[in-house]
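I opened the notebook on this chain to look up its helices, ring contacts, surface patches and charge pairs. The entries follow in the order I made them.

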Amino acid sequence: MVTTVSVKIDDNHYEPNNVRTRISNRLSQVARTFRAAVRFKRSKKDACPPDLTVDRSQEKKSDNNEVSPPICCGQRIIVDPAHHLHYKWLMVISLAVLYNVIFVPGRAVFWDLNNSIPPVWFAFDYICDMIYVFDILVRAHEGYLEQGLMVTDAKKLRKNYLSATNKWKVDMISLLPTDVTYCWWSPSECTFQVPCAVIVRLNRLVKLPRIWDWFERTETDTNYPNVFRICKVLLAILVLIHWNACLYFAISYAIGFGTDNWVYNIEGPKNSTLSHQYIYCFYWSTLTLTTIGETPVPENDAEYLFVVADFLAGVLIFATIVGNIGSMISNMNLARVDFQNRMDGVKQYMAFRKVGRELEARVIRWFAYTWAESGALDEERVLSALPDKLKAEIAIRVHLDTIKQVRIFQDCEPGLLEALVLKLRLQVFSPGDYICRKGDVGKEMYIVKRGRLQVVADDGNTVWVTLGAGSVFGEVSVLDIPGNKTGNRRTANVRSTGYSDLFCLGKDDLWDALDDYPEARANLTERGCQILRKDGLLDEDVFKKSQITRDSMEESIQRLEATVDILQTRLARLIGEFGASQAKLKQRLTKIELRPMEGDQEQSSPNSCRRRLRSYEVRKQSTPPAITRNKSM
């Protein structure tokens, strides 16, 4: 692609041939390392678990059932767009595109920048070209989903790549060998000349849409999407200002440096430096595109046209950008605004009902605590968009360790624990709030997630014990064990010392989950009885009577179920017999209805009439004449 490059740098000893040799040797070493890594990766493929989303139907095997060796364009090489390595590759190709976006226009206009470090620019240019080439291989083997499965057939992947017109056309245009112009237009011989030879590499900017793929993937994966969107918009603003600055410097060169007050004046030791040239052009571009500040007044028609075009572009582009930034900032505060509206509604209600200053202050402090701790996050509303399976997995990750801390739930079936974690509800209590009072009917059990609770006497001053994170109370009351001397009522007062976060599990929710696990229900009842026996709170006689009653009821229910099954069987048999007899009766009725029709048909037919006339004549001839005369008389 490049035949000869002559580089001249004062006070530095760069030899072009040596530089190219070192670069080519280094690139060859990188290529060998990459091929070795690919072979090592393929050798470990069999040890990896299978990917259920990959379509293996198109994979070919040899006659001896051995997997064919992977080749560069074979079926075994597939790029999964959801893999983290693909995301890293998108970042690499984005950096290569961004390098061309910034430095190709800059080096084409600012000759001092182009002549500063030619070997470095040479190396970066062709490293980016190699990345572009490798990106074609990646895009040609990017997997896609077909009927929910990842396609792995190389022919289908390449066909899919070629069917997307924009992809392969953009890749081909961006790699056109425009560098051949270096043969007669040396990139290093650019002094007081615009543009420089590197302008022929502008086709590399066609690859710019590849950056959007990385932006979209990052915006999806990051936990701070609004911050990333703002950074993305700022990057777009800086690139536009940079391009406009380069264009201003090029127009100044075309008109003539220092010919009027509008163009850049290159005279003087300060104005001739690269830093001052770029900073001034960037400053002028910023003022023009943002339409703020005062800029030099144009003095000829070309300058007026350029400034007008800049103003129009600035109004359109930056109006859109500012609007997007405004919506992003408002979206960042959307949760806070929603929370503030809810708090204002509660405050208005309390003021209307005149609940009192003390209670109002407690409610406001509760709102402030919930916002500081969780941002007033409504878990049910946030997770409502997910399917039940994913919601269950999230709940298991978050609450499974918490539910295992309860003694009666230890060593329970995993299915029961998964059903219970979906029914846990988080409750927040303020300082001084009573979670339960002595004598209340126990309908919930509580697990302390954060905070401290005190078990106090009836006077409210004597503290019996302090509960911290991980403590559990009320677990026996939800089991509703017969013979409990407390009658499933609370035996103590539990008060929150400060702000406390507690997980609550209701009795109805527990028994709904236990309906599908009868063995677990018996085990939990036995563990609850052991806890009551340990504290002397179980009436054995009542418990045994309830068990006998329950067993008799279960036996009665079983007998009733057996009787119902027998009746259902007999009813099904009777229904079958009734259906068969009904079908026979219909057939008989049909035959009876068809008989008169057949008789009428026989009577109306000509043959039957002839037969009857013939039989009449025969009877008449056989009758004696006397009888005939008597009848005539």
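I first noted what a patch is: residues with over 30% relative accessible area and no salt bridge, where like charges are joined within 9 Å and nonpolar side chains (Val, Leu, Ile, Met, Phe, Trp, Tyr) within 5 Å. Accessible areas come from the Shrake-Rupley method with a 1.4 Å probe, and for residues only the protein chains shown count as cover.

Ground rules. I am working from a predicted model, where local features need pLDDT of at least 70, side-chain atom pairs count only at pLDDT 80 or more, and totals for chains, interfaces and linings use all residues. Residues are numbered from 1 along each chain as its sequence is written, and side-chain values use heavy atoms, with hydrogens and water left out.

Surface patch. I found I117, V120, F124 and I127 forming a nonpolar patch on the surface, with about 290 Å² of accessible area together. V120 sits in helix α4 (residues 118–140); helices here are DSSP runs (H or I, at least four residues), as strands are (E, at least two), numbered from the N terminus. V120 has a relative accessible area of 32%, so I logged V120 as partly exposed. The scale is buried under 20%, exposed over 50% and partly exposed in between, with a 1.4 Å probe and protein chains only.

The unreviewed UniProt entry lists residues 89–108, 120–138, 233–255 and 304–326 under "transmembrane region". Its positions are in the numbering used here, feature names are shortened, and annotations may be inferred rather than shown by experiment. I checked two of these spans. Residues 120–138 are 100% helix and 0% strand, with the end C-alpha atoms 27 Å apart. Residues 233–255 are also 100% helix and 0% strand, with 33 Å between the end C-alpha atoms.

Rings. I counted 30 aromatic pairs in the structure. One of them is W212 with F215: the ring centres are 5.5 Å apart and the planes are at 45°, so the pair is tilted. (Rings of Phe, Tyr and Trp, the last by its six-membered ring, pair if their centres lie within 6.5 Å; planes under 30 degrees apart are stacked, over 60 edge-to-face, the rest tilted.) Both residues are in helix α7 (residues 209–221), and because they are three residues apart, about one helical turn separates them. W212 is partly exposed at 42% relative accessibility, whereas F215 is buried at 7%.

I also looked for charges over rings (NZ of Lys or CZ of Arg within 6 Å of the ring centre and within 35 degrees of the ring normal). K207 lies over the face of Y132, at 5.6 Å from the ring centre. R437 lies over the face of Y434, at 3.9 Å.

Salt bridges. Which residue pairs with D125? R201 does, with the closest N and O atoms 3.9 Å apart.

D171 and R139 meet at 3.2 Å, N to O. This pair links helix α6 with helix α4, 32 residues apart, and both residues are buried. D171 and R139 also belong to a salt-bridge network with D135, E142, K207, R210 and D213.

Methods:
Salt bridge = Lys/Arg side-chain N within 4 Å of Asp/Glu carboxyl O.
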